[in-house]
Amino acid sequence: METALLSEENVRKEEPVTLVSPRNPTPTEILYLSNIDQTVAFNVETVFFYEVPEGAQADSSSIMELVKQAVSDVLLIPYYFMAGRLRFNFDEGRLELVCNNKGVLFVGAISNLELKELGNLSFPNPSFQHLILPTEGFHDLADTPIFSIQVTRFRCGGFSVGFVVNHSILDGRSAAEMFLSLASICRGEGLQTHELNTDRSSIRARSPPQIKFKHTEYTKLAEASSTSFTSPILSSQAIRDPPRISNFRLFSFSPEMINHLKNKSELKCSSFEAVVAHLWRTRTKAVFDDQRKMSSVLFAVDIRSKLSPPLPHGFIGNAVITASASAEVEEMEKKSFSFCVGLVREAIDRVNDEYVRSVIDWLEVFKGLPCALNGNFFVSAWWKLPFHELDFGYGKPIYGGPVVSGMEEFVLLVSDESGMGKEKECGINVWIALHPEKMEKFQSYIFEI
């Protein structure tokens with residue numbers, strides 16, 4: 001069967017509605033956003049697909065109302081801040097969150113397609129943009145929602161739930177917890193998370209700042225682009241929107257292939273370290289022509305267990321920083337696979353309390369963003385997040401993950417369709433976008449395991 005592409009013709013959206021918190025704090029609360037939050041002020045778009053067994057099709061007709069009520073009546077009590085708006089504080093030179101209850105955007109949609117017509121749901125598909133409710137196009141930040149939801153019912157009775165969340169408010173783990181709570185409410189089991197702590201004061205910069213490391217994993221805003229920026233949210237957006245001339249590809253690594261990579265390393269390593277090291281070597285061979293250049297791979301490291309004292313219980317926000325491994329192209333080509341694994345391991349091990357504090361202080365002085373420029377790239381490990389548990393009352397998703405973005409600077413590691421999220425039982429799908437010529441080279445190297 002030929003794969004159908006989604007469009008405005010086959011996905012009919014209703015008029016969006018605004019959902020507000022029934023218990024928003026008064027007077028209006030202003031939430032401080034950390035220096036880590038400032039670096040990721042862009043939208044993250046995800047979509048989850050659900051099949052409804054034959055005979056239960058009538059039941060799924062209520063899914064739109066079910067999700068809408070769960071958000072407005074229950075979720076937005078503890079998550080009241082998700083109905084707020086970002087604001088750039090020009091006196092402080094930073095973003096902050098105004099908890100003004102301007103609302104979460106929600107829309108229902110109907111598609112005349114069946115889920116099976118969409119083909120392999122795990123394959124990067126730009127037309128899945130029709131399954132989310134974009135939050136771009138508003139007049140200014142004060143009007144722009146930080147959270148939107150779209151529920152789409154398909155002709156077969158199956159449905160999808162699409163989310164858009166501004167990353168400056170929640171990291172992947174925090175977002176997953178919110179989605180799981182929403183799903184739990186829809187199942188009639190109530191909130192999963194009762195205590196949320198939005199206080200970022202424990203990760204404020206020191207005064208005066210004490211920068212003790214070089215932090216080449218970040219780049220100053222002025223160096224990131226020649227564009228004149230007025231706020232981090234605009235600068236992040238500028239870096240996220242390169243010319244759309246890339247080829248999208250998905251490469252599947254079976255558990256056997258991952259184990260082979262781990263055994264290939266002379267150093268004992270995790271699946272993440274082995275896969276990242278392999279992708280780094282392969283992409284470097286495909287992208288760099290000059291052997292004297294430095295090649296870097298970047299990735300997020302969770303700091304929840306790294307800080308002393310630890311983050312407060314129930315912390316909700318960005319508790320990840322960027323780590324990076326770098327080497328000269330020629331050196332990577334001459335040395336063994338274990339050399340790259342070792343550099344990835346060192347980058348992870350480097351992240352301790354003092355390193356995190358130094359990052360926060362560097363960001364206070366220089367502002368800046370993760371340095372995914374000049375051929376370097378960021379690996380995002382989605383497969384480690386518990387999205388496979390997202391059950392709205394119709395079973396677990398048949399697939400769920402990010403909506404394709406087309407950014408060459410980002411490589412996504414997503415679970416394959418079978419047993420989502422269970423690292424020991426399933427493989428990893430690698431999403432990558434590259435210029436056609438570079439993609440041709442990458443494809444010729446990727447399975448040289």
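1. In this predicted model, Arg 87 stands opposite Glu 96 in S6. S5 and strand S6, residues 94–99, pair in the antiparallel sense over 5 bridges, where pairing requires that DSSP finds at least two bridges between the strands, and strands are DSSP runs of E with at least two residues, helices being runs of H or I with at least four, both numbered from the N terminus.

2. These strands belong to an open sheet of 3 strands in the order S3-S6-S5, with antiparallel pairing. Strand S3 (29–32) and strand S5 (85–89) are its edge strands, each pairing on one side only.

3. His 167 lies in the loop between strand S9 (159–166) and helix H3 (172–186). A polar atom of its side chain lies 3.2 Å from the backbone oxygen of Leu 170.

4. The largest nonpolar core has 75 residues, and Phe 81, Met 82 and Phe 392 have the most contacts inside it; such a core is a set of buried Ala, Val, Leu, Ile, Met, Phe, Trp, Tyr and Cys residues joined through side-chain atoms within 4.5 Å. H3 gives the most to this core, with 9 residues.

5. On conventions, residues are numbered from 1 along each chain as its sequence is written, and side-chain values use heavy atoms, leaving out hydrogens and water. Because the model is predicted, local features need pLDDT of at least 70 and side-chain atom pairs count only at pLDDT 80 or more, whereas totals for chains, interfaces and linings use all residues.

Conventions: A polar contact is a pair of N or O atoms within 3.5 Å; within protein, one must be able to donate a hydrogen and the other to accept it, and residues adjacent in sequence count only if both atoms are side-chain atoms. Buried means under 20% relative accessible area, exposed over 50%, partly exposed in between (1.4 Å probe, protein chains only).
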